[in-house]
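Visitor: I'd like to go through this structure with you, a piece at a time. Could you show it first?

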Amino acid sequence: METITIIGALPYDKVRQDCHKVKDGDEYVINHYAWQIVKQNGTCLLEGNPIVFLVPIPGHTGDATHALTLAKAIGRELNEKGGRVGVLDCLECEPHEPLYDKKKRGEDIYGIDLKMHFKSKKLKNTFDTIKNAQYTNTKLFLIDNVVDTGHTIREAFKATGNLPVIAIGDTGLCNLNQ
């Protein structure tokens, strides 16, 4: 049974409107939550002075758009605290209708194969080198704006393995066993 570590997430009902603003590219909101996540979790994320890689999870467009913007903002905040942080935008998936919309209509989303994969063999090799570099002090985190049903994270796990997730909001509905 898989477990998930979610860092920084607040109850979704408290951040719902702001999560939509993140999707709309509102830089003020994105920077605010990046600052808040680092303020609350920066010590934990940078414990042991690791090299940190943030891996944004792709959205319904197939690319990591808002998650990439959030990852870059979190990376900037961590680097300002003395971290050694990079963003590794290495995942993509098949473009699809937003899972949020399908869920609102009561449709089953768990059977959808998002076909999440690495953008290239070179990026997959880079990721594997970082993940398996036992001789260096590295940490990898997946980045998403909201953790909802867990389907997107489960699909990301298929490509990357079970990594901790940094998110703004958490609906509390995540079920990795579907």
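Visitor: Which helix does C19 lie in?

Guide: C19 is part of helix α1, where helices (H or I, at least four residues) and strands (E, at least two) are DSSP runs, numbered from the N terminus. Before going on, please note that this is a predicted model, in which local features need pLDDT of at least 70 and side-chain atom pairs count only at pLDDT 80 or more, while totals for chains, interfaces and linings use all residues. Residues are numbered from 1 along each chain as its sequence is written, and side-chain values use heavy atoms, with hydrogens and water left out.

Visitor: Is C19 buried or exposed?

Guide: C19 counts as buried because its relative accessibility is 2%; buried means under 20% relative accessible area, exposed over 50%, and partly exposed in between, with a 1.4 Å probe and protein chains only.

Visitor: And what is C19 in contact with, neighbours within four places in sequence aside?

Guide: With those neighbours left aside, C19 is in contact (heavy atoms within 4.5 Å) with Y12, N145, V146, I168 and G169. C19 and I30, which are 11 residues apart in sequence, lie 8.8 Å apart in space, C-alpha to C-alpha.

Visitor: Switching to pockets, what volume does the largest pocket have?

Guide: Its volume is about 520 Å³. Here a pocket is an open set of points on a 1 Å grid over the protein atoms alone, where a 1.4 Å probe fits and there is protein on both sides within 12 Å along at least five of seven lines; lining residues have an atom within 4 Å of a point. Grid points are joined across faces, edges and corners, and the volume is the space filled by probe spheres set on the points.

Visitor: Which lining residues are closest to the centre of the largest pocket?

Guide: Of the 26 residues that line the largest pocket, K23, L99, Y100, V146 and T152 are the closest to its centre. The elements giving two or more residues to that lining are α1 (12-23), α4 (99-104), β8 (146-147) and α6, and α1 gives the most, with 4 residues.

Visitor: Now the sheets: in what order do the 5 strands of the open sheet run?

Guide: The order is β1-β9-β7-β3-β4, with parallel pairing, where two strands pair if DSSP finds at least two bridges between them. β1 (6-7) and β4 (84-87) each have a single partner strand, so one side of each is left without a neighbour in the sheet.

Visitor: How many bridges join β3 to β7?

Guide: Strand β3 (residues 51-56) is joined to strand β7 (residues 138-143) by 6 bridges, and F53 has L140 as its bridge partner in β7. β3 also pairs with β4 in the parallel sense over 4 bridges, with I51 standing opposite R84 in β4. As for burial, 5 of the 6 residues of β3 are buried.

Visitor: Which helix lies across β1, β3, β7 and β9?

Guide: That is helix α2 (residues 27-45), which runs at about 150 degrees to β7; axes are lines fitted to C-alpha atoms, for helices over the stretch in contact, and angles run from 0 to 180 degrees between N-to-C directions. Helix α3 (residues 66-80) lies across β3, β4, β7 and β9, at about 170 degrees to β4.

Visitor: Last one: what order do the strands take in the open sheet of 3?

Guide: That order is β2-β10-β8, and the pairing is parallel; the edge strands are β2 (10-11) and β8, each pairing on one side only.
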